[in-house]
Amino acid sequence: MRNSIYFRIFIATALIVLISFSILGVLYTTFSYRRTLADKRAMMTSTLYETGRYITTQHLHHAVNLDDFDLNMWLTMTSNITKYDLFVTDTDGVIMSSSDKTLFFLGAGVPEEVLNLVTTGENGVFQSTLGGIYTERRHVTGKPLTMSSEEQSRVFGYIFVTSNISVFQQEWSAFYSIFLVIALGVVAFSFLVTLFITKKQVEPINEIANAARRFARGEFKVRVRDRGRRDEIGQLTESFNTMADSLESSEQLRRDFVANLSHELKTPMTVITGFAEGLLDGTIPREYEEKYLGVVFSETKRLSRLVRNMLEISTIQTSDTKADTESCFDVSEVVRLALLSHDRKINEKKLDIEAELPDEEVMARGEADQIMQVVFNLIDNAIKFSSPNSVIELEIWNNDEKVYVSITNRGETIPQEELPHIFERFHKADKSRSADRDGAGLGLYLAKMILDNHNEDIFVTSSGGTTKFVFSLTAV
């Protein structure tokens, strides 16, 4: 499990989500804490100045003293609204009025260093017990109460605003707890989504792996289900199924090849064995020995051709390099030599040859011996399937880039459904093989292989009793 791609993708994604949320949580928590604390201090400062302005106005215009009962009531009301504690001292720091007399005993004094600190106004909100007035440290801010005249400003007291630190921390802890619960819920949801998505991503890969194992056991019909995806997984699935189709086709070709090869080898071997036994045990009369020895000789030649063609095919298939296209040869000379090699067969069938071959050299790139084999096989095929007393046409023409060779014979028309398979191994239009006892169905296949090795093309057309093969070569 730990070595599976599913586990590794899930762990990697989960770690990314967890680390991302952790970093985001720390940054958000730090920023929110500082922002909340800053807002609290701003609110305390605003309360301080608004209350100080009110006390100064009441003292200046209405002669309200700092220990007036109405001032105590005003501070209590303000405290109920803002949730802060407020008190007022005289110029010596003695508490004269407070928002809560149960906390602040009248007559208690604020240390002189605190009075000096709020007079300068440098620290804004700070933490202090105010010289033991409070039993725990609190957020504190204060300012002097002043009256201005034409000549000078005079301090007539001090106002302080304080807030319980533990209350703030409890409020912040509640907020942080809510944030933590939400964050954990989001992380858990992200893990579940990651688990689901990762599983969906890995399922096709597991399916491909299972299909590959079944392929290794010889189950070539198996395919990976197409889920309609157009991403890399979809492309992998499509490629795998294409490969599977190719492998299945190759396996079918291999089986057909073995079956056809067994048939082609079995037929001449059976004939040779049967007639040899008949000659040896006297079953065949002596006056017929020469005739049946000729049959044995013919089947031996056929078997020899089959083995030779198989060796040539094997040589081309196992070659790691393409044919030598740097060497040059005269195409007209190759066609003439191949034609001369079939002189006896042409005369036996009483065929006429119409050859339109240029008098000058027609140079092309490639291996002359292999192209000779191509022409030889095509002429041999044309002779086999030509009607007696008919005409075989050979033609060579070229343009600036290509040389073309065509070989045309007249006989039976090749069915259109057979044309796409004409260059396959052991393929014969006559499935009974009675029409072509001398052939093994490898000549055209070998010609196609040689031309493919030269990066050249070959085409065939057949209609109205006329069959025409055309192949190309690269001109020099």
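I number residues from 1 along each chain as its sequence is written, and side-chain values use heavy atoms, with hydrogens and water left out. Because the model is predicted, local features need pLDDT of at least 70 and side-chain atom pairs count only at pLDDT 80 or more, while totals for chains, interfaces and linings use all residues.

**Entry 1: aromatic rings.** I searched the whole structure and found seven aromatic pairs. Rings of Phe, Tyr and Trp (its six-membered ring) pair if their centres lie within 6.5 Å; planes under 30 degrees apart count as stacked, over 60 as edge-to-face and the rest as tilted. One of the pairs is Phe 215 with Phe 220, edge-to-face, at 5.6 Å centre to centre and 80° between the planes. I then looked up Phe 215 with Phe 240, which is also an edge-to-face pair. Here I read 6.1 Å between the centres and 90° between the planes. This pair links distant parts of the chain, 25 residues apart: Phe 215 is in helix 4 (residues 165-216) and Phe 240 in helix 5 (residues 232-281). Helices (H or I, at least four residues) and strands (E, at least two) are DSSP runs, numbered from the N terminus. I noted one aromatic cluster made of Phe 215, Phe 220 and Phe 240.

I checked burial next. Buried means under 20% relative accessible area, exposed over 50%, partly exposed in between (1.4 Å probe, protein chains only). Phe 215 has 9% relative accessibility, so Phe 215 counts as buried. Phe 240 is buried because its relative accessibility is 9%.

**Entry 2: helix 7 on helix 9.** I looked up how helix 7 (residues 331-340) packs with helix 9 (residues 368-384). The angle is about 50° and the axes are 9 Å apart. Axes are lines fitted to C-alpha atoms, for helices over the stretch in contact, and angles run from 0 to 180 degrees between N-to-C directions. The two helices are therefore oblique to each other (under 35 degrees is roughly parallel, over 145 roughly antiparallel, 65 to 115 roughly perpendicular, the rest oblique).

**Entry 3: Glu 361.** I placed Glu 361 in the loop between strand 7 (352-356) and strand 8 (363-365). Glu 361 is exposed, because its relative accessible area is 58%. Glu 361 and Val 331 are 30 residues apart in sequence, yet 7.5 Å apart in space, C-alpha to C-alpha.
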